[in-house]
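Hello,

Here is the structure I promised to pass on. Please open it first, then read my notes below.

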Amino acid sequence: MSLLIQYTLIFASVLMLVALGGCFAEHSGVINLGLEGIMVIGALGGALVMRLFLDLSTPMMILGVVLGAVIFGLLYSALLGVACINFKADQTIVGTALNMLATAAATVFVKAMNASINPDDVSSTIQYVDQKKNFLLYFGDFEFNWFMLIAVIALIVAYVVLYKTRFGLRLMACGEHPSAADSVGINVIKMRWSGVLISGIYGGLGGICYILAGVSEWKFENGVAGFGFLALAVMIFGQWKPIKIALAALLFGFFRALSNVYFGFDFLVNLNIPGTVYNMLPYIISLLVLALTSRHSRAPKAEGIPYDKSKR
Amino acid sequence: MKKNILKSDGVQAVIASLICVVLGVFVGYVILLIINPDGAFEAIVAVLKNFMTYSRPDSQLRYFGNTLVKTIPLILCSLSILFAYKAGLFNIGAAGQYCVGICASLYAALAWGWSWLPCLLLAVIVGGIYGSLVGLLKAYFNVNEVISGIMLNWIGLYLTNMILSAVKEEASPYTINIRTANPDALIPSLGLEQLFNNNQYITIAIPLAIIIAFIVYIILDKTRMGYEIKATGFNKDAAKYAGMAEKKNIIMTLVIAGSLAGMGAAFLYLTGFEQYIVTSSQVPSMGFNGIAAAFLGGLNPIGAIFSSFFIQHISSGGAYVDKSIYASQISDLIAAVIIYLCGFVFFMKVVMNNMIAKREANKAKTGKEGGEN
Amino acid sequence: MEDAYAVEMLHITKKFPGIIANDDVTLRLKKGEIHALLGENGAGKSTLMSVLFGLYQPEEGIIKKDGVEVKIKDPNDANALGIGMVHQHFKLVECFSVLDNIILGAEPLKKGFLDKATAKDKILDLSKRYGLEVEPDAIVEDITVGMQQRAEILKMLYRDNEILIFDEPTAVLTPQEIKELMMIMRNLKAEGKSILFISHKLNEIMEVADRCTVLRRGKYVGTVETKDTSMEELSAMMVGRDVNFHVEKKPAHIGDAVLKVSNLTVASKRHKNDAVKNVSFEVHAGEIVCIAGIDGNGQSELVYGLTGLEPIKSGKIEFLNEDVTKRSIRHKTEKGMAHIPEDRHKYGLVLDYTLADNFILQTYYQNTYSTKFGGFMKRDAIIKNAEKIIEKYDVRSSQGPNTIVRSMSGGNQQKAIIGREIDREPELLIAVQPTRGLDIGAIEYIHSQLVKQRDEGKAVLLISLELEEVLDVSDRILVMYEGEIVGELDPHTVSEEELGLYMAGAKRNEVKA
């Protein structure tokens, strides 16, 4: 049981971080379909820190890994910003390209790195068995991961920034009615860049959190299995509001956790459902949830539309 | 007055695509240089040469055939994506539709012992049904087709793994080889293989795919259905105003798109070229590469034939890089960069038009013959 | 310094590709006056104000503030100079509260966080001082248009703007709200603010403005004191000739009922109440029935319900003696219902299609334009049809049938729609604000087409916001107010004032269904 809670919480943390990232981008008016790719690159950033700095103290390791993921995510999201904000490119195409590019680039990079150390090692895997221990604390059976706390802090920060600060008010105005924001002297382009870069930070964090969730090594060829898109479903289900997103993330995290731990529950094993079904569960649930909520969902009005000053 | 050929939309599209290709390859080269400057040039040349790496003409022909065999499903996937895109729908679910197409064609061939044509038709139908799910969710529940498409990709992958486990080889995760188990299910070649040094994977799938590309072109450009689909894609409110059945069009478009992707899967797996791995943890990349091919081909069905060949050419070429230094995924990387750059095509066209306008204005100033709008 | 100028715009020229929007225009706003800027649609008023507000940069001319030359590069510069503007289409974020909208861009902070309490006090203060009643915590999409406008005015006052620009502020208001606005403007003037008031409504200008500058086709015509002039003189300055708004038409020959609407109710997308409430009326062959009313009183939804663009909640629609309540848009179109939509870009046209392809938007599937077997488009027939409509309705474009519609002017786009709809020889023509945003020539043409339809024995349902159009063109007037039909009036006997009272909901009579 504590295993189920533990997995639910860690997967919920991943989904919440990434969904909040999507939420910042969309509130600024940009649809970030590249979150999946940002997660991969963020994960790469964090994993590299673990790989290159083996003997850091626990606080330094946590700080280093977080910084690595954040910086990589931030830089990668800039590719979305340039294309979609400055060049008014189609946000769907660019997001898709970034997802494909991330996995390919991470694979090429890690393979080259592995091969340069050991010419026989042509895998795209990074191991971090010992380094990972820095992130864990045990309370009896329960394995606490510092990322659970980081996710809660990120949630509070998102809530305060969006609803209690000047920046948040301006950001949301840009996603709803950019020409109104422009008319009171807000620089829409700048705000949209901020939204995209913040989504890069959150997405990067979500990425490293994901590869630290259940395993101690990561094969970068595998990407992140649609988690970036599950997070978008969480964001829609959460109606673009941080607190609701957190609750939605818990629900989705629970179904994702089931596939890791269902064999620990006698009554689930007795049902004799193939394990593959549990793998499919999060995706099926998200389809159902989207079908039920999308009809009345209220996305930021101007999202996906490049801002063009001359068409005010 | 002489018409400037640069003004033509088609010419501009070709130029834009060429720019994307050159820049994409260049970025790939730069990354190879960063990894290891010594072998970078040979590596990028290997990617671009692909089958031409072989010195003997008959080997070249044989491996050219292999590239063609894999180009066929890519053409179908890119047709699937561009067809839906004309109706304003981004069919990222093509990958999943392709996946269930594999599932249907292989299961029918191996478990039921069907011959190739019914296997092919089943893949088309199952792909179409799978595509219709995206359409139904979009039309009746307003679910964004990109997100539902991705979800269905993963569901399709796990379903396929589960179902095809019943027809796998005992000692490996591969599905049983069709060539030995049920040769009837192989698409016939009608002698075409002789053109490619008896490459046994060459079948009539190649001419069929090209014919289908032309049919898609004719449907989109010359028929009532194409008129309706494009009107819906450009302005769905106006389509509704004009009395077109919006929901029906969305669903029908995605059924056709799904069928095309499913057909693509059958066109590859019913040649025996590949066996499916039932422990796959990745949705087949064919559907995603189809996005690259569709946009690189300027969203034109005929263009898709050429762009698909190019994308497959460099994908296959990735296998020839020195793997002790570089990863074969360098070609995926180039393909991804090309899609990214395709996002800038609109901007490139604006720049081209501005350049033409400027030049004409200059001409009008110096001589009097130019400058008509 | 009674005659000091707050703002002077001297010899402003602003060009766009193909047109000169402002050609050597001069405008001087005195301190503490209400100055009207008058001109027809397309005369260059909005461009001039956009220049003042920093949205456009002029090619020639200078702007002076308090006698000193200034450069206004963006709205921030305008703001810093104390210039504020109420835009014709409000710049309000609909899902924000009134308060959030007012402080947006000028947010007060306390310890780095938003200080909404202080802001609220200041807003309530201002609202009391100038008589601008608002609820700071209400969400914008839930409040009336009048209150939205007051929020816009408070936005300027909150920033202590001294120069206030009102861009066509009365277009969306009821007559009562217009009265209130006039009062507010006088209050603002009394408090020392200088006001620029953009309008094409002569009576409002005569009532509230001190001076008036007139533009015509981008050119400066003159500036006059309103107390020394008359409506007739202003009107002549504005149009450049004596206006004859009256549409010549023969008496109507009214035939059978073509459209019968009973107890129609349509839900609103914007608020919880119904947009159209239990409406019943008839339209007969050979008459033009006009639905009059202030914008946003359910006219759009009524049309969406009639044509089938939005589902209806209850009621019955009979068209040519058939119950078409549940029938498709296509069925109604085939039966002879034509619709000139309110939003020509959203509904009326596929902007990326050619003119020829747009002309067959509702008929492409018929045997005339595509083959029965295989559905191949008949290019020749499509082009021939386009050439016919272009010729008959004088649709001008650069490449004839092959012109991409996006590249055409608004007036010609509208003519294309009208040509397409009328050329199908419909039994009922529903025309929603068909003349909006067009110049006088085009307006006269469209009116004559509507009358021609009626004279040929067809039914016309016209939805209009312009009083003059309502009174001149129609044979019968139905007034809509808050989703109901509150009066049926005869255009020959009703006065403009009386019509205004109905539109404001101040008066109603029983409607015979």
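**Chain C against chain B**

Between chain C and chain B the count of salt bridges is 0. Keep in mind that this is a predicted model. Polar contacts do turn up there: 16 residue pairs across the interface of chain C and chain B, both residues at pLDDT 80 or more.

Which helices of chain C supply at least two residues each to the side that touches chain B? They are helix H10 (329-335), helix H11 (344-348) and helix H14 (410-423). H11(C) gives the most, with 4 residues. By residue type, the side of chain C that touches chain B divides into 13 nonpolar, 8 polar and 7 charged.

Now the extent of this interface. In total, 28 residues of chain C are in contact with 18 residues of chain B. The area buried between the two chains is about 2,100 Å², and carbon and sulfur atoms give 59% of that. Three tyrosines stand out: C:Tyr347, C:Tyr353 and C:Tyr364 supply 27% of the area that chain C buries against chain B, more than any other three residues.

**One residue to look at: C:Arg420**

Find C:Arg420 in helix H14 of chain C. Is this residue buried or exposed? C:Arg420 counts as buried, because its relative accessibility is 2%, and the cut-off for buried is under 20%. Its side chain reaches the backbone oxygen of C:Gly348 at 2.9 Å. Leaving out residues up to four places away in sequence, C:Arg420 touches B:Tyr241 in chain B. Within chain C, its contacts include C:Gly348, C:Leu349, C:Asn358 and C:Phe359. C:Leu361, C:Gln362 and C:Ile389 are also among them.

**Chain A against chain B**

Here 47 residues of chain A are in contact with 42 residues of chain B. The buried area is about 3,900 Å², with carbon and sulfur atoms giving 79%.

Four helices of chain A each supply at least two residues to the side that touches chain B: H3 (58-86), H4 (91-117), H10 (227-237) and H13 (275-293). H4(A) gives the most, with 15 residues. How do the residues on that side of chain A divide by type? There are 33 nonpolar, 10 polar and 4 charged.

Best wishes

Technical notes
Residues numbered from 1 in each chain as written. Chains lettered and ligands numbered in written order. Predicted model: local features only at pLDDT ≥ 70, side-chain atom pairs only at ≥ 80, totals over all residues. Heavy atoms only, no water. Contact = heavy atoms within 4.5 Å. Buried area = accessible area lost by both parts, 1.4 Å probe. Nonpolar A, V, L, I, M, F, W, Y, C, P; charged D, E, K, R; others polar. Salt bridge = Lys/Arg side-chain N within 4 Å of Asp/Glu carboxyl O. Polar contact = N/O pair within 3.5 Å; in protein donor to acceptor, adjacent residues only side chain to side chain. Buried < 20%, exposed > 50% of the residue type's maximum accessible area, 1.4 Å probe, protein only.
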